[in-house]
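Morning, everyone. Have the model up, please.

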Amino acid sequence: MERESVDALRKCLPLLPSELYHEILIKSELKELPKGHMLVRQGKYIDFLPIVVDGIIKMYTEEADSQFLLYYINPGETCILNFNHISSEEPVQFSGITEEPTKVLILPGHCVKEWMSKSTAFCRLIIENYQRIFEDLLLTTREVVFCKIEQRLIKYLSTKASLKGNSTVQISHKIIAQDLSTSREVITRLIKKLETNNIIKTGKGQITLNYSEYFSKN
C-alpha cells in the first residue's frame, strides 16, 4: 500500500495491534472516488466495509420513486449498514453516493469478520459506529414525526453547512426535496419564506445561512 494509505489507516484506526495493522494495510485498498460516485446501490449485494478517509458519503433509501436521506458518513467513520450485509444473502435496502471527491478505504468483507474476532479495537470501531448510526436514525425519525417541514429544512441546511465547514451550501431545490421526501414546489415555497425572514440568502444554485438571525428567532 502507498504511504498515503498507511497514513489514512493510522488516522482512522489508531489503536490496532501492530500485526493486525499490517494485515489490514496489505488486504485493504484506498480508492479515490469522484463526486456523484455510487459506492453502494440499493438492490445490489455487497462484500466490503468502507471507511471514509476524506470527503462525505450520503446514505439514503428509495421507495416508489421517492428518496429519503438516512445519514452521512464523515471522515474516520464507516457505514455500519454495510457491515450488516457483508455476510448476508439479501440485497441491501439503501444506497451510498459521494457528496464530493472522496477517499475511501475498502476493507474486504471476509477479512472484516476475521478482524472482528482478533481485535477489541476493531470491535470498538464497529460498536461506536452502531451507536452513532442508531442515534442519527433516531434523530431523523423524531424530526419526521414531530417537526414541521420548515424546521426539518433548516436543520438539513445547517447539517450540510456544518459538513462543508461553510455557511454557504451548493445545492438545488430538487436535491433538497429528494432528501426530505417532499416536492420541489414545497421546498421552493419554504426557501422563499426563509429568505423573506432573513434566515437564508439564495444565489444561483446555492443557499447561505444567516445563523445570527436564525438563532435569534429560536
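Start with E9 and E10: they pair in the antiparallel sense over four bridges. Pairing here requires that DSSP finds at least two bridges between two strands. Helices (H or I, at least four residues) and strands (E, at least two) are DSSP runs, numbered from the N terminus.

Two ground rules. This is a predicted model, where local features need pLDDT of at least 70 and side-chain atom pairs count only at pLDDT 80 or more, while totals for chains, interfaces and linings use all residues. Residues are numbered from 1 along each chain as its sequence is written, and side-chain values use heavy atoms, with hydrogens and water left out.

Back to the pair. Thr202 has Ile207 in E10 as its bridge partner. The hairpin of E9 and E10 has two residues between the strands. Gly205, in that hairpin, takes a positive phi near 70 degrees.

Now the other side of E10. Three bridges join E8 to E10 (residues 206-209), again antiparallel. Gln170 stands opposite Gln206 in E10.

So what is the strand order of the open sheet? E8-E10-E9, three strands, antiparallel pairing. Strand E8 (168-170) and strand E9 (200-203) are the edges, each pairing on one side only. The twist averages 20 degrees from one strand to the next.

Which helices pack on this sheet? Helix H6 (residues 149-164) touches E8, E9 and E10, and its direction makes about 95 degrees with that of E10. Helix H8 (residues 184-196) touches E9 and E10, at about 120 degrees to the direction of E9. Contact means heavy atoms within 4.5 Å. Axes are lines fitted to C-alpha atoms, for helices over the stretch in contact, and angles run from 0 to 180 degrees between N-to-C directions.

Next, the surface. Val144, Val145 and Phe146 make a nonpolar patch of about 330 Å². Nonpolar side chains (Val, Leu, Ile, Met, Phe, Trp, Tyr) are joined within 5 Å, like charges within 9 Å. Phe146 is found in helix H5 (residues 120-146). Is Phe146 buried or exposed? Exposed, because its relative accessibility is 68%. The classes are buried under 20%, exposed over 50%, partly exposed in between (1.4 Å probe, protein chains only).

Last, the totals. The chain has nine helices and ten strands. Of its 218 residues, 44% count as buried.

How values were computed: Patch = residues over 30% accessible without salt bridge, like charges linked within 9 Å, V, L, I, M, F, W, Y side chains within 5 Å. Areas by Shrake-Rupley, 256 points an atom, 1.4 Å probe, with all protein chains shown as cover. Salt bridge = Lys/Arg side-chain N within 4 Å of Asp/Glu carboxyl O.
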